[in-house]
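Subject: Structure for your files

Dear colleague,

Here is the structure I said I would pass on. My notes come after it.

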Amino acid sequence: MEKIMSFLKNLFDRKIVILAAAGTLLFIGMAIFAPLLAPYDPNRQDLMSSLAKPSAKYLLGTDLHGRDILSRIIFGTRISMVIGILAVFIGTIIGSLLGLIAGYFGGIPDLVIMRILEAVFSIPRIILAIALGAVYGNGLAILAVIIGFSTIPGYARLIRGQVFQVKQNDFIAAGEVIGVSSARQILKHILPNVISPIIVMMTQNIGSAILTEASLSFLGVGINPPTATWGGMVNDGRSYLLTSPLASLAPGVCIVILVICLNILGDGVRDALDPRLKGITH
Amino acid sequence: MHLLEVRDLQTVFQTDGKKIRAVNHVSFFTDPGEIVAFVGESGSGKSVTQMSILKLVEEPGKIVGGEVLYKGRNILAFDDDSPEMRKIRGGEIGMIFQEPMTSLNPVITIGKQITEMITGHSDSSREKALEKAIALLKSVGIPDAEKRINDYPHQFSGGMRQRIMIAMAMAAEPKILIADEATTALDVTTGAQILDMLQKIVRTGNVQMTLITHNLGVAARYADRIYVMYGGRILESGDAGEIFANPLHPYTYSLLKAVPRLDDDRDRTFVPIEGSPPDLGADTGRCVFYPRCKFRSEKCDKAGEPDLLEARKGHHTACHIHPDELKALFLSAEKNEKRQVRQRKSISEDNPVLTVEKIDKHYPVYKGVLRKKIADVKALDGVSISLYEGQTLGIVGESGCGKTTLAKSILRLHDITGGSIRFRGMDLLHTGKRQIRSLRAEMSMIFQDPYLSLDPRQSVGSIVAEPIIVHRMRKGKGAIDERVDELLRLVGLDPSLKTRMPHEFSGGQRQRIGIARALASDPSLIICDEPISALDVSIQAQIINLLEGLQAELGLSYLFIAHDLSVVKHISDQIAVMYLGRIVEVSGSEELYNNPLHPYTQALLGAIPIPDPKAERDRKELKLQGEPPSLLKRPPGCDFAGRCPMAMEKCFREKPELKVVDKKHQTACFLRET
C-alpha cells in the first residue's frame, strides 16, 4: 500500500502527467458512458442533412449518411479502447514472456523461439488478418487477437536484447551463487529491470493498434460497418476532406490526443518506477 | 614566471538547483621538466581542475572565477572554441585519458590518426608526418612500427593502445602533458612500463607532466611535487619526499595510514578514515575534511574554511591547527594505536575446506561457416589449490590470468574440462543439481563492482534477505527481518536503512550490503573477487578491516582474488600467483614477499609502487618487458619465458611443473630445480 502511494506520488509529480492521466480518463469515461453522453444513436441516418456543417443540432456536423459525427466518435471510443488495450495486453504478455525466456536461457531455447517467431511473422500481418478473418469471422475479439499477435515479435526482440544486457550484471551472477532458481531470477531480478522499455513500447503500441484497426476496417476485414470506429470514420471521411473536413479530422484528432496522452502517461509510469529517478524534479 | 600558473580557479556544476563546487579556489603552478601529481579520491576535483585549464568542462559545469596563466597569458580569456584555445589544446598541452579502449577511433588506422594530429598542429607534409609518426611510435615502444602503422586500434592490446595515445599526445610536441589516471585501467606490470616511459619523455624532452592519480604509490614513485586534493580543494602541497615523510594535513596523514603498503608488517591494522566523501553541494563554511577529521578542534568549527598557507619552505597546508601541534597529535595517535597482534591461525594440514586438483577449463575456438573447432583456449591449465579452515588464500595475477575463471569454476557457475574440486570432502563435480543448490548456502561470493552486483530495483532489505528465503533458513517475515537487521548491524550499517534502494548508498556502503548478502546463508567459504579494487582508497581500509573482523568472529575461510599484491599480502595466509591460467608460485604470504622465487612474482612485486619515496629509492626491482602472450598462442615452453630476463634455453622447450622447493613454498620454474 505504501509502495502504491509513493508510486502515485512520484507519478503525479509532473503536471503534464496529471493532464495526460485526466485525458485518458476522459476517453475511458466516454467509452463507458457512451449511450448517456451521445446525443443521437450513432447509426441513425438523417439523409436530409448529409455532410452537414457543425450546427446546434449536430455539434460536429454529419457524415455522408447524415449520421452525427460526435455520437459516432463517442461510440467509436469503445472499439478503439477495447482493441488498443486488448491487443497490447496479448502482445505484451506473450511477447515479453518469450523474450525473457529466449534472453535468459540463450542457446537452443533462444534459437527455437526467435526462428519460429521470424518464420510466422514473415507473413504480412494484413494478409494474416484477412486469412484469420475469413476463417473466424471478423469480430472485435478476433481483431484484437490478430493485432496483438502481430506485435509479439517486436516485444520478444526488444526484451531479449534488454535481458542480454541485464544478464551481464553481477547481481545476476550473485543470484546464481546464492542458488536462486531460474524462475525467481527472471521474475524478481530480470523483469523489473526490463520493465521500462516494455511500458514505453506498450503505450506506443496502443496507438498503433488503433491505427491498424483503422486500416483493417478500411480493407473490410476489420469491424463491419455500420459500427462506428475511429479508424473507419477517418477512412470514410477521406473523400470529402475538402468539403467537410471534420468527418475525418475530428476522429483523427481524437486518435492523436489519446495516443499522446497514453505516451506521456507511459513515460510517467516508467520514470515513477525507476528508483534512481526518485526525488529528481523535472 | 612559471610555465603554467593557476590562480584561484573555481568551477561549479549547477544541478537540481544545487551548486556543486567541484573546484574551489584552487591555485597551483608547474614548471618545465617536472612531474607534478594531483592525488585525490573520486570526486575530489582533480580531473575537473585539469579540464578547466583546457576549458573542456562540459555543461552543467562552468568556470566561475580565477586565472590560468600559460606562459604568462591568461588562457581563460579565450573563447572555448577560439583558434588560440584549439592551438593550446593538444598543441601546447596534451592529454592522456584513462580508457585507451575508447579514446582511439576504431575505424581509422593508427597511422592516419597520428599523422592527422601532426598535420593539424603544424604544416608538415603528409610524408614528413608519416615519418614522424613512425618515429613517435618507436619512441613509445611499439615494435615493428613501420608495419604496424597501418593497423587498426583493435589489433593492439590495452597497454599498446595507451602507448599509441601517448604517441598521439606527443605528436604536436606539447610543453605540458596531463595524464589522467593513464595507467589505472592497465595491469600493474604494463602500467609500470608506461609510467617509466613517460618519466623518460619528461626528463629528456624538458616537458612538464601532470599525473592525476588516486594511487599514492604512483605519486611517490614518479612525482617531484604533489598536490593533495579533497572536496574540490587543495589541502596540502609540497615536494613529494616532504609530503610523504612529514604530512602536515590530517587528511594526507590519515590517507597514508589507511592504505596497505607492500612493505608493511602483516600485523599492522589499517586505520580507516571513517565516514564518506563530502557533499559539495552544501556550503558549510568549514574545512571540507572537518566531518571526517580525527584531529579537529573547536577552532576548526568556527574559523571558517582554512587557507592554503606555507607551513615550511615550499610545503603548504590548509589546516587551522598549527603544524607543530599537528605533529604532536599525530605522534600521540600513533602511540595510542593498539598494535593488535592478530592471532596466528594454526594451519591444520588435515582440514582443508576446499581442495582443487589439476582443474582445466578450456574454451573451444570455432572457425568458418561450419564452426569447425580449431583450437582450445586453455583459461585454466592444471590449477591446484588448497584452502584450510579459517584461513585466507590469496590469488594474484594480472587480468586474463584466469583468477575469475577459477572462482567461477569453484562455484560451479560453469562446467570445467577436467580435474576435481572437493568442498569439505564432497566431490563437487559429481554432485547432483539439487545437492549443489544446498551447497550454495555454504559458499558465497563478494563481487568487485558494488554498483553492478546489487539489483537496482530491489530494496536493501530484500537483497540481503534473498539467500535466507532461497535456502529457507528462517521461517516467517518477522524472523527473516530480524536476521536481516542482525546482518546489517554485523557489517556496520544501520538496519533502519533497509527499505532504501541501493543507489542511495555510497560505494563503500554498497560493498557492505554485498558482504551482508554473502553472510546471510551462514557460509563457511567466501570467495572475494577483487572486493575493494572499485572503492576509494580511504574506504578500502574500512572494508579490509571488516572482512578481517568477520573472519575472526565467524571463522570464515576466504579465497581472496585481487591484482593488488599489497592488499593480498596483508589479508592472506597463503598466496598463489597465477600467470596465463597456471599457478607459478604458492607460498606463505610473508615468505612470498621476502623471498619470491619465480621471476614473474619478483617482477609483479617490483611493479607495485610503495607510497613512500624513500622506500621507493631503496628498492631493487626486476623490470619486466612486453606483455603476456595471448592464450591462443600459448608458448610451448614456460609461459613466462618470452618475458623472463633469466630464461634459459630449456625454458623455451619444456613446461616447468609446480614443485615443492622447501617447506610450504612451491614454484614452477627450472631455475629453482636442482
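The model is predicted, so local features need pLDDT of at least 70 and side-chain atom pairs count only at pLDDT 80 or more, while totals for chains, interfaces and linings use all residues. Residues are numbered from 1 along each chain as its sequence is written, chains are lettered from A and ligands numbered from 1 in the order in which they are written, and side-chain values use heavy atoms, with hydrogens and water left out.

Helices (H or I, at least four residues) and strands (E, at least two) are DSSP runs, numbered from the N terminus. Helix α7 of chain B takes in residues 188–205. N206(B) follows α7(B) and has a positive phi, near 55°.

Strand β21 of chain B (residues 574–579) has six of its six residues buried. Q574(B), A576(B) and M578(B) point one way, and I575(B), V577(B) and Y579(B) the other.

β21(B) has these pairings (at least two DSSP bridges between two strands):
- Strand β15 of chain B (residues 392–396) runs parallel to β21(B), joined by four bridges; L393(B) stands opposite Q574(B).
- Strand β22 of chain B (residues 582–588) is antiparallel to β21(B), over six bridges, and R582(B) is the bridge partner of Y579(B).

Two residues separate β21(B) and β22(B) in a hairpin, and L580(B) in the turn has a positive phi of about 50°.

Regards

Technical notes. Expected span 1.5 Å × (residues − 1). Buried < 20%, exposed > 50% of the residue type's maximum accessible area, 1.4 Å probe, protein only.
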